[in-house]
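Please brief me on this protein model. I am new to it and would like the main points by topic.

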Amino acid sequence: MGRPRLIILIRHAQSEGNKNREIHQTIPDHRVKLTPDGWEQAREAGRRLRALLRPDDTLQFYTSPYRRTRETTDGILETLTSDDPEPSPFKRSNMKVYEEPRLREQDFGNFQPCSAEMERMWQERADYGHFFYRIPNGESAADAYDRVSGFNESLWRQFGEDDFASVCVLVTHGLMSRVFLMKWYHFSVEYFEDLRNVNHCEFLIMKKQDDSGKYDLQNQLRTWSELRRERAALKAKEDKENGENGKEKESNKLERQNSTPVAPRKWGGCPQGCNHGKNLKIRRDFAELVQHDEHIAKHSFTHSVPEVNGTIASRRAPLKRTQGPNNSDDDSDDPRGRAAPQIDVTRAQEEVVSSPDGTPSFITIDDRLRNALKTPQKSTFLHIGRDFGGTYSGHASEEEVSDNDARERLAAKAARVKSGERNGTTPNGRERELSANRHAHANRLGDAPSNSDQGSDGGDEAEDLDKAEQEDRSIRGSVY
């Protein structure tokens, strides 16, 4: 059938917690049950719902898992499906009833404190705002709004089912009913906080419009501002009547003369006196820096730029610092605070370049060669065909380079850079040979390329390798 024609919100009937709030000090909120009057209210709600429905309507209930809402649902179904005084067209077997935890009451904490503390908390909530005030160890109305938002989205998706009921009934709590309407109709926070609570077993009916498909609220919600206006008008009317008749009491005159504005209550901070700064000590250097920052802020309207940098780190005393591995307080390693290194470009261009990669250096070739003799290094040349086993095991092996080859490479690089031949000149024969060997790689069998001069005669070696490869592929060379 699609979207239902009616969405009805029902607040639970009177519970023991509504009659005696101190019961929440010993009984969890979700276990509070209905009073005898509450049971009667639930049954009466079932009769009113039965008179509101059509005989061909189908119903689907969603109820909060709290005991008082489940008992309210049972009371409604009892009279809704009863055949007294006449047979009911609504059968219990044709109805779907779901417990929905997202419709539960706002969480007021666990066991509630004494009545005096609860009264203080209600006054604090009134001053702070009903929507954003969070109950200690509990929820705020904003938290409940998040829960209801998720439920509304789930409910809207279920409206797309073809077999959804024609009437959807939500048995929930007073605040949750208002939050549901706030989410559905996009009420503002100010309007929500102005709404008064819903009466026990009061129906909030949302009816779908045939032309637009939207749901219109059939109820006129009560607000605190409207109640205040009504009381103010009634009091003004009474004062006017008493003034005309000359019957105004002397006590009212004295009360008006001696009335003083009530000072707002102070909930935050330290209402009983603050002693948090008794043992608080501020370092002298930090206090001076804070005082300096405050002085700069006061005189920030001037256009003169202060000579002292405004950051605290730049105004620290120039002490000798020891750089630790993870010293977050020391900002000496910040590259933004270092001066740029001075490089003599002219000297770098005129000096003999001795670096193998062409980087300007002032170390002579003799010093570099002497250092290389003391600490021999291996270059990253590939060893060609080390194992001759037809595998990759020798593919990435390094090749030993003699001292003479190293000297010749360094000398050739230095001479080429000095004469202006950088990365674009034609190398001599020896260097071309070394370059070819440097880029030589072994094939899949570990064989040397055709242009390699290492090893013995290339032809004989190739024949031996072909013979070894054939033997390896034969039955004799196979491994089972």
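Helices (H or I, at least four residues) and strands (E, at least two) are DSSP runs, numbered from the N terminus. The loop between helix 4 (115-128) and helix 5 holds Asn137. This is a predicted model, in which local features need pLDDT of at least 70, side-chain atom pairs count only at pLDDT 80 or more, and totals for chains, interfaces and linings use all residues. Residues are numbered from 1 along each chain as its sequence is written, and side-chain values use heavy atoms, with hydrogens and water left out.

**Overview and confidence**

- The protein's secondary structure comes to 15 helices and six strands.
- Of the 480 residues in the protein, 31% are buried. Buried means under 20% relative accessible area, exposed over 50%, and partly exposed in between (1.4 Å probe, protein chains only).
- Take the contacts between residues at least 6 apart in sequence: 67% of them join residues at least 24 apart. Contact means heavy atoms within 4.5 Å.
- The average pLDDT of the protein is 76, and 61% of the residues score at least 70. pLDDT is the predictor's confidence in each residue, from 0 to 100.
- For residues 351-355 the pLDDT is below 50, and this stretch has 17 contacts in the model beyond near neighbours in sequence.
- For residues 378-384 the pLDDT is also below 50, with 28 contacts in the model beyond near neighbours in sequence.
- Where pLDDT is low, the predicted coordinates should not be read in detail.

- Six strands form an open sheet with mixed pairing, in the order 3-2-4-1-5-6. Two strands pair if DSSP finds at least two bridges between them.
- Strand 3 (96-99) and strand 6 (215-217) are the edge strands, each pairing on one side only.
- On average, neighbouring strands of this sheet are turned by 20° against each other, direction ignored.
- Strand 2 (residues 59-63) runs parallel to strand 3, joined by four bridges. Here Phe61 stands opposite Val97.
- Strand 2 also runs parallel to strand 4, with five bridges joining them. Tyr62 has Leu170 as its bridge partner in strand 4.
- Strand 1 pairs with strand 4 in the parallel sense over six bridges. Leu6 stands opposite Val167 of strand 4.

**Strand 4**

- Why is strand 4 largely enclosed by the rest of the structure? Six of its six residues are buried.
- Val167, Val169 and Val171 point one way from strand 4. Cys168, Leu170 and Thr172 point the other way, and all are buried.

- Helix 5 lies across strand 2, strand 4 and strand 6, and runs at about 165° to strand 2.
- Axes are lines fitted to C-alpha atoms, for helices over the stretch in contact, and angles run from 0 to 180 degrees between N-to-C directions.

**Helix 5 against helix 6**

- Two packed helices are described by the angle between their axes and the distance between the axes.
- Helix 5 and helix 6 (residues 174-185) pack at about 60°, with axes 9 Å apart.
- The contact between them includes Ala144, Val148 and Leu155 of helix 5 and Leu175, Val179 and Phe180 of helix 6.
- By class, this contact has 13 nonpolar, two polar and two charged residues. Ala, Val, Leu, Ile, Met, Phe, Trp, Tyr, Cys and Pro count as nonpolar, Asp, Glu, Lys and Arg as charged, and the others, Gly among them, as polar.
- Asn152 sits in helix 5 (residues 141-158). Asn152 is buried, at 7% relative accessible area.
- Not counting residues up to four places away in sequence, Asn152 touches Phe180, Lys183 and Trp184.

- Asn137 is exposed, with a relative accessible area of 69%. Leaving aside neighbours within four places in sequence, Asn137 is in contact with Asp107 and Gly109.
- Asn137 and Gln112 are 25 residues apart along the chain, and their C-alpha atoms are separated by 10.0 Å.
- His30 lies in the loop between helix 1 (16-19) and helix 2 (36-52). At 38% relative accessibility, His30 is partly exposed.
- His30 and Tyr66 are 36 residues apart in sequence, yet 4.6 Å apart in space, C-alpha to C-alpha.
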